Amino acid sequence: MPRRGLLLILSSPSGAGKSTMARRLMEWDTTIRFSVSATTRKPRPGEEHGVHYWFHDHDGFRRLIEAGGMLEHAEVFGNFYGSPRAPVEKAMAEGRDTLFDIDWQGGQQIKQAMRDDVVSVFILPPSIAELERRLRGRGQDSDEVIAGRMAKSRDEISHWLEYDYVLVNHEVEATFADLQAIVTAERLKRNRQPGLTGFVRALNTEFDAR
Ligand code: ADP
Ligand code: 5GP
């Protein structure tokens, strides 16, 4: 039955586990489209243009905004980040879900523009000490960058009330099971199943024919 695609927004302080959850979701359901953000931040080792991010310089990024190509954009850690509009509109038209790994500012903007289609999930760390352990364990950032991310975490966490769902990420498997439950239930909402009207009409026709 045709379904209206979801815009699934995952936010968390950096290091709480949203990339891990995003990866698990897309392995679970390969029809989910990841919204590859544009950014002015430099690539980290192993990051590919068009896969993890679209990497732009400031001028290129500004041109994208001016052309109306961004669904939302925000400044995070001194760099610009934004979600390109066209792939999201394409996925919606095809009835596919789009997954966003974006901060609270982006989440707010997409919610304002497309409220009925948004499902937002905030991921909290079990503790601040564990958040720092995870950031260090990831082994991708210098001490200075980690300190910057930790300083920003308090601000990011202060937006937890703006989200539909909140998961405390103690353990990957348990958190992922909760996330699957959220996605499964949200897909079944009546207004996301436009084919139901015709389906029930057909049931009634079947009644009439008895
Ligand atoms: P984010 O995308 O929010 O910055 P990541 O998904 O990259 O966070 O996770 C940060 C680090 O913590 C990674 O090394 C990841 O493997 C690890 N991690 C994620 N979730 C858990 C968890 N529940 N328990 C322990 N380590 C975790
Ligand atoms: P990172 O540099 O670690 O990849 O991401 C830093 C922060 O930017 C994360 O909180 C991430 O969710 C956020 N972010 C990534 N892409 C976007 C985007 O397109 N828009 C917004 N608003 N935030 C983003």
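**Close-up views of the ligand sites**

**View 1. An oxygen atom of ligand 1 is 3.0 Å away from a polar backbone atom of G17.** That makes a polar contact, meaning a pair of N or O atoms within 3.5 Å (within protein, one must be able to donate a hydrogen and the other to accept it, and residues adjacent in sequence count only if both atoms are side-chain atoms). This is a predicted model, where local features need pLDDT of at least 70 and side-chain atom pairs count only at pLDDT 80 or more, while totals for chains, interfaces and linings use all residues. Residues are numbered from 1 along each chain as its sequence is written, chains are lettered from A and ligands numbered from 1 in the order in which they are written, and side-chain values use heavy atoms, leaving out hydrogens and water. The side chain of S12 has an N or O atom 3.3 Å from an oxygen atom of ligand 1. On its own, ligand 1 would expose 570 Å², and the protein buries 78% of that (accessible areas by the Shrake-Rupley method, 1.4 Å probe; for residues, only the protein chains shown count as cover).

View 2. Being near means having a heavy atom within 4 Å.

**View 3. Ligand 2 has oxygen atoms in polar contact with side chains.** Y53 places a polar side-chain atom 2.5 Å from an oxygen atom of ligand 2. For R41, the distance from a side-chain N or O atom to a ligand oxygen is 2.6 Å, and for R44 it is 2.8 Å. Ligand 2 alone exposes 510 Å², of which the protein buries 95%.

**View 4. Ligand 2 lies between domain 1 (1-32 + 96-210) and domain 2 (36-95), because both give residues to its shell.** Those bounds come from an automatic or database domain assignment. Of the 17 residues around this ligand, S37, R41, Y53, E72 and Y81 come nearest. The strands β5 (70-76) and β6 (79-84) each supply at least two shell residues. Six residues in this shell are nonpolar, four polar and seven charged.

Definitions and conventions:
Helices (H or I, at least four residues) and strands (E, at least two) are DSSP runs, numbered from the N terminus. Ala, Val, Leu, Ile, Met, Phe, Trp, Tyr, Cys and Pro count as nonpolar, Asp, Glu, Lys and Arg as charged, and the others, Gly among them, as polar.
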